[in-house]
Structures are given as structure tokens and as C-alpha cells.
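This briefing goes through the side-chain contacts of one protein chain, grouped by type of contact. Please keep the sequence and the 3D view at hand while reading.

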Amino acid sequence: QVQLAESGGGLVQPGGSLRLSCAASGFTFSYSIMGWFRQAPGKEREFVAQITMPWSGSSTYYADSVKGRFTISRDNAKNTVTLQMNSLKPEDTAVYYCAAGPGSMVRSPPGYWGQGTQVTVSS
């Protein structure tokens with residue numbers, strides 16, 4: 001059974017930081033591209049970041065809206081992927097979803113989704 005379990009969401013003030021984690025199981029983690037998406041109230045789910053397989057260099061790609069502020073990483077020994085979020089803005093408020101798939105998820109939907117974790121950026 002494929003499972004992606006997000007954690008680390010919460011309430012943070014503008015300019016603050018938050019670190020999201022995703023624990024993966026039920027598939028070959030090292031052969032999957034991992035990523036994060038988010039969905040804000042009243043908006044469509046959007047791509048945030050992805051990281052490729054370790055043997056291909058763990059290359060990263062970010063949405064323009066989060067470049068320079070967010071960092072995606074993976075620990076292949078622990079089957080986890082993280083999203084370090086710095087300099088958070090109110091517009092970053094959304095439910096954040098962990099994702100896994102066999103190919104790039106920049107323009108195509110991934111194969112697997114987590115249940116999501118709420119991130120709220122507010123004073």
C-alpha cells in the first residue's frame with residue numbers, strides 16, 4: 001500500500017519559517033521523483049517544488065513564487081522528503097501535499113498524493 005504522510009504544518013507569522021516532512025512507504029522511494037503541491041482557499045492545486053532520483057543528481061525545480069525561499073530535499077535512507085520554507089508570506093497559506101511519481105510533475109500530475117497538511121501564515 002502506497003502511503004505519503006505529511007507533517008509539520010501549523011501557524012506561523014509572516015517572515016517566519018516552517019519545515020514540512022513527508023514519510024513515504026509502499027514503493028521504491030529512490031526510483032521516484034518527489035514533490036510538493038499546495039492548494040489555497042478558492043484556488044486550484046499548484047506545483048511548488050520537486051526533486052529527482054538520487055542517481056540522477058537529486059536535481060530540484062521550484063515554482064517561481066517560492067524560488068529563493070523554499071528548499072526541497074530527500075533522505076533516501078529514511079524514505080523521507082522535506083520542504084524547508086523560509087520568509088513565509090500570507091499568500092503561502094494553503095494545504096500542502098506531498099507527491100510521488102515516475103516522471104516530472106512540473107506540468108503533469110503525479111501518481112501518488114498525501115493527505116495534506118495545513119500551513120497558515122498570518123499575524
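**Side-chain contacts in the chain**

At 5% relative accessibility, R38 falls under the 20% limit and therefore counts as buried. The model is predicted. R38 takes part in salt bridges with E46 and with D92. The points below cover the salt bridges, the aromatic rings, the charges placed over rings, and the disulfide.

**Salt bridges**

- The count of salt bridges comes to four.
- R38 pairs with E46, and their closest N and O atoms are 2.7 Å apart.
- E46 has a relative accessible area of 35%, so this residue is partly exposed.
- R38 also meets D92 in a salt bridge, at 2.9 Å from N to O.
- R38 belongs to strand 4 (residues 33-39), while D92 sits in the loop between strand 8 (80-85) and strand 9 (94-101), so this pair ties together parts that are 54 residues apart in sequence.
- D92 is buried, as is R38.
- K67 and D64 form another of the salt bridges, with 3.1 Å between the closest N and O atoms.
- K67 is partly exposed at 46% relative accessibility, whereas D64 is exposed, with a relative accessible area of 64%.
- Through shared partners, salt bridges join R38, E46, R69 and D92 into one network.

**Aromatic pairs**

- Searching the whole structure gives seven aromatic pairs.
- One of them is F37 with F47: the ring centres are 5.7 Å apart and the planes stand at 80°, so the pair is edge-to-face.
- F37 is in strand 4 and F47 in strand 5 (residues 46-51), so the contact ties together parts that are ten residues apart in sequence.
- F37 and F47 are both buried.
- Y97 and W113 also pair, with ring centres 6.4 Å apart and planes at 90°; because of that angle, the pair is edge-to-face.
- Y97 lies in strand 9 and W113 in strand 10 (residues 112-113), so parts that are 16 residues apart in sequence are tied together.
- Y97 counts as buried at 12% relative accessibility, whereas W113, at 34%, counts as partly exposed.
- Ring pairs link F37, F47, Y61, Y97 and W113 into a cluster.

**Charges over rings**

- The charged end of R45 is placed over the ring of Y97, 3.6 Å from the ring centre.
- Y97 is also a member of the ring cluster described above.
- R74 lies over the face of F29, and the distance to the ring centre is 4.6 Å.

**Disulfide**

- One disulfide is found in a search of the whole structure.
- This disulfide joins C22 to C98, with an S to S distance of 2.1 Å.
- The torsion about the S-S bond of C22 and C98 is about -85°, so the disulfide is left-handed.
- C22 is in strand 3 (residues 18-25) and C98 in strand 9; the pair links distant parts of the chain, 76 residues apart.
- C22 and C98 are both buried.

Terms used
Residues are numbered from 1 along each chain as its sequence is written. This is a predicted model: local features need pLDDT of at least 70, side-chain atom pairs count only at pLDDT 80 or more; totals for chains, interfaces and linings use all residues. Side-chain values use heavy atoms; hydrogens and water are left out. A salt bridge is a side-chain nitrogen of Lys or Arg within 4 Å of a carboxyl oxygen of Asp or Glu. Buried means under 20% relative accessible area, exposed over 50%, partly exposed in between (1.4 Å probe, protein chains only). Helices (H or I, at least four residues) and strands (E, at least two) are DSSP runs, numbered from the N terminus. Rings of Phe, Tyr and Trp (its six-membered ring) pair if their centres lie within 6.5 Å; planes under 30 degrees apart count as stacked, over 60 as edge-to-face and the rest as tilted. A charge sits over a ring if NZ of Lys or CZ of Arg is within 6 Å of the ring centre and within 35 degrees of the ring normal. A disulfide is a pair of cysteine sulfur atoms within 2.5 Å.
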